[in-house]
Amino acid sequence: MDLSDFEADNSVSCRLASAIPDICKTEDCCLGIDEAGRGPVLGPMVYGICYCPVSKKEKLKGLKVADSKTLSELERENLFQKVDEAKSYVGWALQIISPNTISTSMLQRTKYNLNALSHDAAIGLVQYALDCGVQLKEVFVDTVGPAEKYQEKLSQRFPGVEVTVRPKADSLFPVVSAASICAKVARDHCVKGWNFAEDLKEVDAEYGSGYPADPKTKAWLLKYLDPVFGYPQFVRFSWSTAQTLLDSKAVPVHWDDDEEDGVKAAVRKNNASMLSYFGRAAKTSQSAAHQPHRYFTERRLESLDTL
């Protein structure tokens, strides 16, 4: 699986897709939707679709696709290879939602929660297939939230398509199982080959499953918490696990209001003010061994004694 488009800038989301089989433009098709990586505090969430002609359902089933969570990594890789090689009648597409996109969406002033983000990713992929000329007649979805409401939402959005939303759809419908495998393989590759934009030197790759309850994941989060700048973009800093660690381990920040002087506010909170940071920097020479954070070097910022 070629993830070079996402790897070029993993701070933003990215769509990847196979070629559209010609048969899918002339015959009625079914399409499955599933995701991978909804719960982890590390790495992206990946939404996947897989589609084929209704007449080829049994042929797709013959590839022995199954719920990706029940398969080993090697089994998933082999099955994705089979799905990808069935390009004469099977197509797929992925929406890789970066951890940075997830965090900024959830924490922006107008909240954009994970369910809304998930729904929009699924809707965007179905619309992509339609725009590419796929003759969609049936869509099967692994539910996010109440299945009936989600099914009604999708049916209203795509009135010419028969929509079925079910819990555990990835174990009920082979076309959803295939989508699940595509999404999971893509997420595994993203996490394993993550390109850290931050200068972290040799990064410890032992971050476990990425789920908040995993001791290895918790240890990794503690190790790579910068007390001022927080976490690298690999981390979903909107997750409560990350926020709790930031609250307890990072430098406290007081946001001044318009009615209080910044220096006085800092004294009241027993913190150093932002202005005092620059004042100290001007009085003391930076040691040769100390390297400024990349936030300053990227913006070509440096301390000055005089203006």
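# A tour from Thr70

Begin by selecting Thr70, which lies in the loop between helix 2 and helix 3. Helices here are DSSP runs of H or I with at least four residues, strands are runs of E with at least two, and both are numbered from the N terminus. This is a predicted model, in which local features need pLDDT of at least 70, side-chain atom pairs count only at pLDDT 80 or more, and totals for chains, interfaces and linings use all residues. Residues are numbered from 1 along each chain as its sequence is written, and side-chain values use heavy atoms, with hydrogens and water left out.

Thr70 is exposed, with a relative accessible area of 57%. Exposed means over 50% relative accessible area, buried means under 20%, and partly exposed is in between, using a 1.4 Å probe and protein chains only. The C-alpha atoms of Thr70 and Ser171 are 9.3 Å apart, although 101 residues separate them along the chain.

Stay in the loop between helix 2 (57-61) and helix 3, and select Lys64. Lys64 is exposed too, at a relative accessible area of 63%. Its phi is positive, about 65°, although Lys64 is not a glycine. Most residues other than glycine have a negative phi. For another case, go to Arg300, in the segment after helix 12 (294-298). Arg300 has a positive phi of about 55° and is not a glycine; its relative accessible area is 77%, so Arg300 is exposed.

Next, show helix 3 (residues 73-85) together with helix 7 (residues 174-192). At what angle do the axes of helix 3 and helix 7 cross? They cross at roughly 120° and come within 9 Å. Axes are lines fitted to C-alpha atoms, for helices over the stretch in contact, and angles run from 0 to 180 degrees between N-to-C directions. The angle makes helix 3 oblique to helix 7; under 35 degrees counts as roughly parallel, over 145 as roughly antiparallel, 65 to 115 as roughly perpendicular, and the rest as oblique. The crossing is left-handed, a term for a near helix turned anticlockwise from the far one by less than a right angle, with clockwise being right-handed.

To see the contact (heavy atoms within 4.5 Å), select Glu73, Arg76, Glu77, Leu79, Phe80 and Val83 in helix 3, and Ala178, Ile181, Cys182, Lys184, Val185, Asp188, His189 and Lys192 in helix 7. These residues divide into seven nonpolar, one polar and six charged. Nonpolar covers Ala, Val, Leu, Ile, Met, Phe, Trp, Tyr, Cys and Pro; charged covers Asp, Glu, Lys and Arg; the others, Gly among them, are polar.

While on helix 7, pick Ser180. Is Ser180 buried or exposed? Ser180 is buried, with a relative accessible area of 1%. Leaving aside neighbours within four places in sequence, Ser180 is in contact with Asp34, Asp67, Ser68 and Asp170.

Move on to helix 4 (residues 99-107), where the buried residues are Pro99, Asn100, Ile102, Ser103 and Ser105. Their cover includes strand 3 (45-53), strand 4 (91-97) and helix 5 (114-131).

Follow helix 5 to helix 6 (residues 147-157): their axes come within 12 Å and cross at roughly 35°. This crossing is right-handed. Ser118, His119, Ala122, Ile123 and Gln127 of helix 5 meet Tyr150, Lys153, Leu154 and Arg157 of helix 6. By class, the contact has four nonpolar, three polar and two charged residues.

Finally, show the whole protein, with its twelve helices and six strands. Of its 307 residues, 43% are buried.
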